[in-house]
Amino acid sequence: MVNREPSAVNFAAVSECDAEFILGIRNELSTRSMLHDSRRFTHAEFSEWYARERPEWLIIHDPALSGPVGYVRTKWVDPDK
């Protein structure tokens with residue numbers, strides 16, 4: 001195990017360009033087993049859903065690792081519902 005100083009992470013709004021990264025996590029069996037909808041999704045299905053829903057999710061980037069390391073699903077809740 002390599003010890004390194006913890007680095008700061010950056011957050012960025014998800015875009016459709018992040019589909020491959022998100023689906024790589026979302027379609028893993030270990031992830032799907034914890035979700036209410038355990039289907040595997042294709043890139044085309046993600047693109048259609050993304051265009052319709054415009055999620056306000058965040059991609060987590062670790063500059064020390066030169067790329068995304070995770071994502072955060074967020075949702076605005078309507079207080080009237």
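Visitor: How much space lies in the largest pocket?

Guide: About 700 Å³ lies there, a volume being the space filled by probe spheres set on grid points, which are joined across faces, edges and corners. This is a predicted model, in which local features need pLDDT of at least 70 and side-chain atom pairs count only at pLDDT 80 or more, while totals for chains, interfaces and linings use all residues. Residues are numbered from 1 along each chain as its sequence is written, and side-chain values use heavy atoms, with hydrogens and water left out.

Visitor: What makes a set of points a pocket and not a cavity?

Guide: On a 1 Å grid over the protein atoms alone, a cavity holds points where a 1.4 Å probe fits but cannot get out, whereas a pocket is an open set with protein on both sides within 12 Å along at least five of seven lines. Lining residues have an atom within 4 Å of a point. Here 24 residues line the largest pocket, and W49, E53, P55, W57 and R73 lie nearest its centre.

Visitor: Which helix supplies the largest share of that lining?

Guide: Helix α3 does, with seven residues. Helices (H or I, at least four residues) and strands (E, at least two) are DSSP runs, numbered from the N terminus. α3 covers 43-53, and both α3 and α1 (19-26) supply at least two lining residues.

Visitor: Why is the pair F46 and W49 called tilted?

Guide: Rings of Phe, Tyr and Trp (its six-membered ring) pair if their centres lie within 6.5 Å; planes under 30 degrees apart are stacked, over 60 edge-to-face, and the rest tilted. The centres of F46 and W49 are 5.6 Å apart and their planes stand at 50°, so the pair is tilted. F46 and W49 are separated by about one helical turn because they are three residues apart in α3. By this rule there are four aromatic pairs.

Visitor: How do you know that β2 and β3 pair?

Guide: Two strands pair if DSSP finds at least two bridges between them. Five bridges join β2 (residues 58-62) to β3, so by that definition they pair, and they run antiparallel. D62 stands opposite G67, and I60 has G70 as its bridge partner.

Visitor: What makes β1 and β3 edge strands?

Guide: β1 (10-13) and β3 (67-72) each pair on one side only. The open sheet has the order β1-β2-β3, with four bridges joining β1 to β2.
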